[in-house]
Amino acid sequence: MNSFEHSKSAAINQANAVQRVSQPTKTIANNRPQATTQRKLQEAAARFKPRTSQMKVSIGRGGVAKPSAMGPMSSKVIQRAITIGMNPIPRTVHTPTNIVTFLQQQGLYSEFVKLNDEREVIYLFDNDQHLVDYLKLQTGQIAPGSVSAPIKQKVNADQLKQGHEFASDIRFTTIYQPGGSQIPDTAPGAHNIPNQMMPPPGQHHQWGQMPYPSVSGQEYVLYQHQFHSSANTVPLTFGDPNAPSMVMNQGGLNLGMHIQPTSNSNYLNPITRSQTNYAGLPSVSDRVRGHPFELKQNQISTDDADMDFDQDSRTYTDESDSTKTNGGISSWRYNQIEKVATANGMPFTQVNNNSVKSSMGIARPDTIDFRIQQSSGGYKDLQMDNTATTDYRETDSVRGTMAKQAYQTEMGRQQALLHPYQAPPVRRPGEDFTDTNRHSYPGYMSPPPTPFLSDDTLATSPEPIILGGFPAVGSRVNMPNGSKGVVVEVIDRDKNRKKSRCMVKAILSVQWPGSFGI
């Protein structure tokens, strides 16, 4: 039976089953407390006697996040906001000027901020007038007993942590969405590359590592900034699909690559120097058209059997010539990096720094970082000059009996100690995320206040939805009711029908009542 023909109840059962067998994999949908608070709030609201209308107003409250049993929380103050019914309004910092003015004129603003800056209680008000009257009661403007107390709901540390995580996810997915190019399905082993060996994602791009029901239990997602215009970064994969090499190309430039040797001849098209055509690239005096790997490791594309390293210009780097006066990258890289990797079967990552398009039409970096995986499990880092200005040859007086290229490697190691290589960050669901420039982006909106984002308070629980295409965790999608949601888990994908079954969590809408203060 095709899973996409199940009834809704069957889909829910299957989704629950997937969650049960995937307990070790952390997702922003997993390990939630039972959703009882929302029911309690709704039941309490039904018992509450409205004074003027059935509109409900609730206040979430902010303050310093406290550590929970599940892990440390952020220590910064996070302002809360009011909600109407079950819909949070913007946070205090985004309170419209006219409402701030109204509360100040009534002598209520300080009390409002005091109430709103608490964090662990949700206050449910009948309507905006009830809120105003309660604030007047707290400031002594009206007599005690003349205003009903609001419904109060305690928010515990685990709920706050859950809400904080979802707020971070909303903030991240407001700014970043999965890019137009991802690691191809023909190279599943690329998702097993260690975080510390990942090649750079490109300008205005960000790596994420998200749970996915596969052998590895996770997948890398390449996210792209929604408020900056930049070319898509394209991951190019070669060699063994289960342990591929991957070159990251943006705007025609090789940003860097993770090179994995293979001994399987099915994935190789070995050639000699006389057989290479250098992908049709022109030669330039004192520079070298640098292949990504030695020619006997000329790996075939996982996407196109007629394409390989040698033929794909997107994989090349414009390198300094090791035979010239100061020495350079070219033959040193072949002897000290490529041949060693082939001999021991260990991968390396190369990062081309500050690249520009050279007269060859390929990336010409000023420095190149190398991270070489060691059999011990650690890494060896080198930073090499690619401008042909560092003297890598005339070093007899200082290198002693060490061979020239071995000493050049040592020079690269010393340089890496002075300028340590930092692997690109890899974000996971629920991790803190704050872009300091976020409020400058047109259309950016802060997430609803943290206390309301727990499944147990006002937020809805994730639900299984069949979506077109292949969204990743973090994708913004439309819910069946027209509201916006975030994919928090991918259950399965139907490659033939180009559909995906996902767990999607709705994003609460935010608004102030139009009549407030009138």
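Phenylalanine 370 stands opposite leucine 382 in strand β20. Strands here are DSSP runs of E with at least two residues, helices are runs of H or I with at least four, and both are numbered from the N terminus. This is a predicted model, in which local features need pLDDT of at least 70, side-chain atom pairs count only at pLDDT 80 or more, and totals for chains, interfaces and linings use all residues. Residues are numbered from 1 along each chain as its sequence is written, and side-chain values use heavy atoms, with hydrogens and water left out.

Strand β19 covers residues 367–373 and runs antiparallel to β20, joined by seven bridges. Two strands count as paired if DSSP finds at least two bridges between them. Five residues lie between the strands of this hairpin, and glycine 377 takes a positive phi near 105°. β20 spans residues 379–385 and is mostly covered, with five of its seven residues buried. Buried means under 20% relative accessible area, exposed over 50%, and partly exposed in between (1.4 Å probe, protein chains only).

Now take helix α7, residues 330–344. Its 15 residues reach 21 Å from first C-alpha to last, close to the 21 Å expected at 1.5 Å a residue. The expected span is 1.5 Å times one less than the number of residues. α7 bends by about 25° at glutamate 338, the angle between axes fitted to the seven residues ending there and the seven starting there. Glu338 is also among the buried residues of α7, as are Trp332 and Arg333. Just after the helix, glycine 345 takes a positive phi of about 70°.

Next comes an open sheet of four strands. Its order is β22-β25-β24-β23, with antiparallel pairing. β22 (463–468) and β23 (476–478) stand at the edges with a single partner strand each, so one side of each has no neighbour in the sheet. Inside the sheet, β24 (residues 484–494) and β25 (residues 499–506) pair over eight bridges. Glycine 485 stands opposite alanine 506 in β25.

The largest nonpolar core has 21 residues, and Leu467, Val487 and Val504 have the most contacts inside it. Such a core is a set of buried Ala, Val, Leu, Ile, Met, Phe, Trp, Tyr and Cys residues joined through side-chain atoms within 4.5 Å. α6 (157–175), β10 (218–225), β22, β24 and β25 each supply at least two residues of this core. β25 gives the most, with three residues. Valine 487 touches Leu467, Val477 and Val504, among others, not counting residues up to four places away in sequence. Contact means heavy atoms within 4.5 Å.
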